[in-house]
Structure formats: structure tokens, C-alpha cells
Amino acid sequence: MKEIYQHYVKTSEINTPIFIKLSHAGHNYWYNFKSDSNHKYDKNHYLYNTGSYRLGQMNSELFIRKSITGQYVIVLTSVMSKSVIIKERFAYLISLFSPNKKKYDIYFEKFSAGASESAFELFKYAFKMGDSCVYILEKDHPEFQNLKQQYGKALVGKNSFLAFYHIFLARSFQSSDLVGHIQRRLYDNDYLIKKKVLSTDKKIMLQHGPCMATNIFERGYFNRKVPIAPDYMLVNSNFEKNLFLKNTGYTEKELMVTGLPNIDLYVKEQQSEKNQITFMLTWRPWDLTGSIEVGSYLDRYFSFLELIREEKFYKDKKINVILHPKSRIILQEQFPDIYEKYEESFFEGDIKDALLNSKVVISDYSSITFYAFAGGSNIIFYWEDKALAEVEYGAPNILQKEIAFGGIVEKFKDLHSEIVYSYNNPQSPFHIAQFSKLMECTSGHNTENTYDYIQNIIFENEHNPLEEESAFSISEKQSSAS
């Protein structure tokens, strides 16, 4: 277990497939470690796992699960309080005896850690319409108590008894990211919630951001063979819809061309005063390892921090340096001394506020660029490692020079001059035209349009006999330590 943990520290790999190595006559032969050499895809693979084993003083736990192909995989995850497990099981039992079997629409965002994206905007609208809706949010969110006063019982803390209770009585899951983020922790051996998710045919993904930056289709992000893949996908244009039709198993009926509800916030703020600058690069799992190399994700952040300290242009301006949530966690865990040194320089707060107030947003392959441009910001695409990134991603990005809606910088030494130019000029007509091809739904009414579309989905099958099947009728022939 110590070796597995050290492997994680060195490589940041959380999911490690298990192989058997046979050595003979100087040659090594590798075999996938499966329960059956003829194992075929089965939804029950998603439910299989062992119990968690705590790794001493390492603040981590380890368990083994099956991939959808039947391969055994070692998973390293965060420590979870046993009280969470007790609350979940108690809530499940109580839900079985709920007197009226009231059904709920469950809303949440990435890791259930935020309240600023499309799921929250849609929840607010549903709450205003008097729906049976519940929003799940981490209790340590800075705005949790304020939101609790506004939404009362409709807002519940993640991993609370009420959160689990409502999940087990859900008729739909409407989220800004994959439904797996509603689990007790990101990488989890949860069993009851997985069963509930598998039995629900209204898993609606509102998108964390438009799927038109990197080629996430090649990475299997929307693979319909994955048991908990969304049943319905929101898209922002016919251009994006055609990407899904070409690269996934989704049909036209399962694609909602209604536009991100969250875009409404940015469209309404297009003409507001903007005087800040935001620097936010996307997640790079391949170089967040046990050392900080020149040109790596973290090294680029440190170079930018030095730039804004040296150049007079930035002295009277608010600069938002935003780490990706995953990279912040790894920086804290693997490089605590460095994190402490730069901690005060990193942005704290709602990313939406930073974007809405920024005249210039610098990013690379992140979907935040679409939000920011919709809100009136100039975009700078910092593509110094684009060739390497596309190799690591496994496919060329969707967003290329010919459809980009901002300035492109390929060398760090050219970044400052591009920032100055973008700060002192409005959005160009050319970039506006480019953007409109990719993002058609910018009327400011995406929230209402999306809500109406989803209501039709929900009530179309409200009395479908298949819906009466028990939420927990999935075969339980396989064993589970949970």
C-alpha cells in the first residue's frame, strides 16, 4: 500500500489498472487481471468494489473496483468519516418507507462544491416555479448559510442525511458535470447511490462548460457504454450538436439545443464596467507530478506571478490568478512549502465574479473562455504547449486557430504585449462573428428554455410503467463489501 501511495505521489495517478507480469527466459509478459478472461461489458461492473482500507498516516484510502471491461483497478481516494456511511444507510432505509414517495429533482455542480453554474441557475428557476427540487452543496461553502436562508429545506449539505434521503427519492439528476460527482467523494466505492443512479433514466447534464475546446470525445467522456453516462445533454449550438452526433451515441432527441443557463448571467453583464485581468489555465494531469518542471502547469503560474510583479502596467489593476481546483489540491498535498509561499497570490472566491469583472481573460484549453467572451471579455489563448497537450489528450483540440475567438500567444515572452493590447481595445467584430457560430444561444433566455425542455422530458414519462420499477431492482448477484 505504501508503494501504491508513492506511485500516486510520483505520477498523480488515482486509478491504477492491475496486471500480472510473468517473466520467462528474459522476457516479460503482461496480462490484464480480470475476474474472467472472457468478461464482457456489464453494468454490474460499475457496482463492484471492495471495502476501503486506510493508509496509515497518509490521509488516504484505497479500494479495488472493476472497470466496465471487467479489469480490476486500484483506486486511491480521500479518507471518509464512518458517520457518512451511517447517514447514507439510514437515509436509504427511511426512503423505503416514505409515506407518499414524493419524487425530487436533484441539482448539483462539480463535486457538489459550488453554486455558480448552470445547475444552480436552473435550480433557482425551478424553486421559483414551486417544484419539488433540492440543491446539494458542501456545508463549508462560504455562502452556504446565506443560501440556506433563501432556499430553506430546498438546500441541503453534501453527505448529510437529508442529501442522501432526497437522492434516494430522486426522479431526475440535473448537474453541471457528470452525475458521479454527487457521490460521497470524487473517487468512491459507494454502492447505494450508484444503484440509484443506474436506475434513473433522467440524468441530465447541463455541462460544466461548452464541449468545444479540447476533444473530450476522444477521451471517452461521453461514452454511452459507461453505465452512468447522462441520458440527456445540453448543447449551445448546432455546431456543438453535430459534434455529439458525430462522436457519441447520442441521438437528436437526447440533445437539447437550449444553451447553458449560466450564459444568461454573462450576456446580461456584457456592457458592465470591466477592469480586471484573469489568468486561469486548464487541468493538466500529465505534468502535475512529484516535481515541478520548466514549462509545466505550475511553472507557468509562477512565471505569470513574476510578470505581474515586475511590469508597472499591472500595479493599479486587480489580477485574478486562479488555480484549477484539482491542481490546488495536489499543490497543497505534494508541495506544501511552495503553496504556502504563493497562497496569498491565488484567487479566492467565485470564479464567475472574476470572469464578469475581467476585461481580459488568459487561458489555454478551458471552457471558461466561452463564458468570459459571452460576458464581454477579450480572450487570449495561451497555446505554448498546444502540440504536447494534443498528444497527451490523445487527439487534436476542437478549438483551432481558424475558429478561435481571441488572440493567440505561443510564447510566454509575447504574452504581456497581447494583454496590454487586449486590455485597451474592445472585442473585435471578427472574434464576435467566430463566437456566434459556436454559441448560438445567447438571447439571455437559456434558463427558461432549458427548464421548459426538461419539464417536457420529465412529464412525458411521468406515468410510464417502467418508472414504477423499484429504484433498487438491479441484479445483486455480484458481491460488494459495501
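How many cavities of 30 Å³ or more does the structure hold? It holds one; a cavity here is a set of points on a 1 Å grid over the protein atoms alone where a 1.4 Å probe fits but cannot get out, and lining residues have an atom within 4 Å of a point. Grid points are joined across faces, edges and corners, and a volume is the space filled by probe spheres set on the points.

Before we look around, a word on the model: it is predicted, local features need pLDDT of at least 70, side-chain atom pairs count only at pLDDT 80 or more, and totals for chains, interfaces and linings use all residues. Residues are numbered from 1 along each chain as its sequence is written, and side-chain values use heavy atoms, with hydrogens and water left out.

## The parallel sheet

Let us start with the strands. Helices (H or I, at least four residues) and strands (E, at least two) are DSSP runs, numbered from the N terminus, and two strands pair if DSSP finds at least two bridges between them. Seven strands make up an open sheet with parallel pairing, in the order β9-β8-β7-β10-β11-β12-β13. At its edges stand β9 (155-157) and β13 (255-257), each with a single partner strand, so one side of each has no neighbour in the sheet. On average, neighbouring strands are turned by 25° against each other, direction ignored; axes are lines fitted to C-alpha atoms, for helices over the stretch in contact, and angles run from 0 to 180 degrees between N-to-C directions.

Contact means heavy atoms within 4.5 Å. Helix α4 (residues 118-128) packs on the sheet and touches β7, β8 and β10 (170-175), its direction making about 145° with that of β8. Helix α8 (residues 238-247) lies across β12 (232-235) and β13, and runs at about 170° to β13.

Here are some of the strand pairings, from both this sheet and others:

| Strand pair | Sense | Bridges |
|---|---|---|
| β7 (residues 104-108) and β8 (residues 133-137) | parallel | three bridges |
| β7 and β10 | parallel | five bridges |
| β10 and β11 | parallel | three bridges |
| β5 (residues 60-66) and β6 (residues 72-78) | antiparallel | seven bridges |
| β16 (residues 358-363) and β17 | parallel | four bridges |

Individual bridges give handy reference points. I106 has V134 in β8 as its bridge partner, while F108 is partnered by S175 in β10. F173, in turn, has K203 in β11 as its bridge partner.

Why is β10 largely enclosed by the rest of the structure? Six of its six residues are buried, where buried means under 20% relative accessible area, exposed over 50%, and partly exposed in between (1.4 Å probe, protein chains only).

This strand also takes us back to the cavity. The largest cavity has a volume of about 50 Å³, and its lining includes F173, S175, K203, I204 and M205. Both β10 and β11 (203-205) supply at least two lining residues each, and β11 gives the most, with three. By class, the lining divides into eight nonpolar, one polar and two charged residues. For that count, Ala, Val, Leu, Ile, Met, Phe, Trp, Tyr, Cys and Pro are nonpolar, Asp, Glu, Lys and Arg are charged, and the others, Gly among them, are polar.

Four strands form another open sheet, ordered β1-β6-β5-β4 with antiparallel pairing. Its edge strands, β1 (15-17) and β4 (53-54), each pair on one side only. E61 has T77 in β6 as its bridge partner. Helix α1 (residues 2-11) lies across β1, β5 and β6, running at about 75° to β6.

Elsewhere, strand β17 (residues 378-382) is mostly covered, with five of its five residues buried. N378, I380 and Y382 are buried on one side, and I379 and F381 on the other. I362 stands opposite I380 in β17.

## Loop residues worth a look

Most residues other than glycine have a negative phi. A25, however, has a positive phi near 50°. A25 lies in the loop between β2 (19-24) and β3 (27-32), and is exposed at a relative accessible area of 64%.

N159 also has a positive phi, of about 65°, although it is not a glycine. Its place is the loop between β9 and α6, where N159 counts as buried at 16% relative accessibility. S160 is in the loop between β9 and α6 (161-168) too, and S160 is buried at 9%. Leaving aside neighbours within four places in sequence, S160 is in contact with K87 and K139.

Technical notes: 1 Å grid on protein atoms, 1.4 Å probe; cavity = no way out; pocket = protein on both sides within 12 Å on 5 of 7 lines; lining within 4 Å.
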